[in-house]
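Visitor: I have a model open and a few questions. Can you put it up on the screen?
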Amino acid sequence: MIGTVLCYLLLPAVRLLRALRDAFFTCRKNVLLAKSPTTQVGGISFVPSRRSVPEEQEALLQQQLEEEAGGLHSSESAPAVGKVSDTLTSDWLEGSELLMTSLSNLNVASEVTWCSDQQHDELHTLMSLGPKEHAAVTLAKLPEEESVAMVGIAAWAAVRTQTDHQISGCTPSALEREDENTAVLGWSLAHDTEIVPVEGTPWPFYDTGQFQPFPEERPYHEILWRDWEDLSTQPAVPELGSEKGPLFEFRVMSYNILAQDLVEQSPDLYLHSQPDILDWSYRLPNLLQEIQHWDPDVLCLQEVQENHYWEQLEPTFRMMGFVCLYKRRTGKKTDGCAVCYKHSRFQLISVSPVEYFRPGMDILNRDNVGLVLLLQPLLPEGVRQKATSPLCVANTHVLYNPRRGDIKLAQMALLLAEVDKVAKTVEGRYCPVILCGDLNAVPDSPLYKFIRNGQLSYHGMPAWKVSGQEDFSQQLHQRKLQTPLWHSCLGITDNCQYVTLCQPKKSDRRKYSRDFLLQFRFCDAACERPAHLILWKGVTDVKPDRPAHWPKHLTMVNDPDPELFFPRFPGVIRHGLNLTSAYSHFLPQRGCPEVTTMPMGLGATVDYIFYSAEPTENGNEGGRRLYQDGALKLLGRLSLLSEDVLWLANGLPNPFCSSDHLCLLASFGLEISSA
């Protein structure tokens, strides 16, 4: 029993040792052959037979090869087809291991050829022939299917390459142009070599397909092509074209250009983009070229870095004919908002920067800002006798945090209150308004509906739901909006108007000061318990004692510092600007939503151009207010793209679009009336 077990254990070990010994001597033999001089025998590489050859015979054969090679080099009539590389072979180099020899050195790889015993005898006979007899021997004697040649092939072309007999016009002078190792030049194609086209053969390995060259990439400008949508019903004539009268036509662009500091602070958001295209030296010319190409008359920019604005952007825009106004974010932020207008088309009436940070107020503790301008259109010389109403342009960048919708609403209320003050005329009407910006809210979100419909009931609404950017409904503890949304000390009513501009409904309704109201603490009415009040012992049975110094009959004293009374609507905020979006937020031809940005690879619309319109007589449709063009008409817009199209361009930014937002561009016409 023990002998049987030892037999089973020792027999494999003996076989293993024998195999290792054979492998060692085989490798040693191959090394010796590799160090031998290069041989050249009629363009055919000599390979030892797969059978074992004694070392004495190999040395003798090698000496004969050297003598024969020397005779060929000295003879001028010997036909030289090409220099042959050193050939390596071993018993263990088979199958898929051949592919793993060195794919990185395919361009200089030596040919590996297996020869049968009969072929070895023929080669040995060939060595004994003279040069002239040797020239009569053709290459057809060796079957092609028994050799696998790896010559200088392209990395993407995993097909069998051509052998020496497929190369024509290869002369010794052509192959000797480079002073390199002849083993490398043996399978290197000459510079003026003519290749005979043959059908490629796949690799003789399983599960290895025939790779083809990568298809040529489409240019970015073709992928990101944006059409101009003409929305005017009448023929477009510069400065004219309306049946009711001439129009003052102008273009408005809104663009978040991505501040460079924000790129460097959050590199994880832009891992999909190449580092070179994120550099400001690359992005700045692209952004300026894009703006110059679309040639807007009013330009609203967000995320404008302060040092870039003063050193590069403002001087460039000034040379382009713009007058620029800038508002940096409060705190330590280095970017802000800018509004630029062409001085040949508009004249500035007033500018109002808006800061959303208010000390001591939790709902307004962020550093976002806005700008509100009042511009007067400059009519051409042919219609100087006519006039147009001023144009109010607002630009802002609202807080991004998806969880703090309460802050977003408060910031928007502050901006709308400023717009209400700037755009309201002496007659109590509003001049045309255009509101641009990155609002960080998706279409049909509560914040979007508030701007468009002019009203929002917010009481009890989850704060994350205001912008609709992300869904946090699964979280246990959610911040909810309470009434009132902001304190009255902010000086903003629920109608998004400043308190000083609110007129009380009744002149006798006033909010009195605290000192004035303290006079009535111990009056007769205050000391009497109401009849319907439930009597609780120790709670409602206590009657306040009148102090001794308190007079029995109180004399009414007028309040020296009365405050205007303004009503508060519990849980509802409103505004009366009648704004609608210049974009439809849907691509009917593709059946998918429009996209202005792609945060974390997900397309969304957060950038908008709102403009003044007139509500229709039908009112609302499904809770959505319907509008029609008024004094300000939408004439056209630059189409947006879908998420799948941006995916083809590797998202945003990319080599063509140098921001993580797409620019918005709309054309408007302002009615011109007689002076």
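Visitor: Which residues lie nearest the centre of the largest pocket?
Guide: Leu-269, Tyr-400, Asn-440, Gln-469 and Pro-599, out of 33 lining residues. A pocket here is an open set of points on a 1 Å grid over the protein atoms alone, where a 1.4 Å probe fits, with protein on both sides within 12 Å along at least five of seven lines; lining residues have an atom within 4 Å of a point. The model is predicted: local features need pLDDT of at least 70 and side-chain atom pairs pLDDT 80 or more, while totals for chains, interfaces and linings use all residues. Residues are numbered from 1 along each chain as its sequence is written, and side-chain values use heavy atoms, without hydrogens and water.

Visitor: OK, now Leu-626. Where is its place?
Guide: In strand β24, residues 624-628; strands are DSSP runs of E, at least two residues, numbered from the N terminus.

Visitor: What does Leu-626 touch, not counting residues up to four places away in sequence?
Guide: Glu-614, Pro-615, Thr-616, Gly-619 and Glu-621, where contact means heavy atoms within 4.5 Å.

Visitor: And how exposed is Leu-626?
Guide: Partly exposed, at 22% relative accessible area. Buried is under 20%, exposed over 50%, and partly exposed in between, with a 1.4 Å probe and protein chains only.

Visitor: What separates the C-alpha atoms of Leu-626 and Asn-578?
Guide: A distance of 9.9 Å, with the two residues 48 apart along the chain.

Visitor: Back to Phe-317. What is it in contact with, leaving aside neighbours within four places?
Guide: Leu-288, Ile-291, Leu-299, Leu-301, Phe-322, Cys-324 and Cys-340.

Visitor: And the lining of that pocket, how does it divide?
Guide: Into 15 nonpolar, 10 polar and 8 charged residues. Ala, Val, Leu, Ile, Met, Phe, Trp, Tyr, Cys and Pro count as nonpolar, Asp, Glu, Lys and Arg as charged, and the others, Gly among them, as polar.

How values were computed
Helix = DSSP H or I, 4+ residues; strand = E, 2+ residues; numbered from the N terminus.
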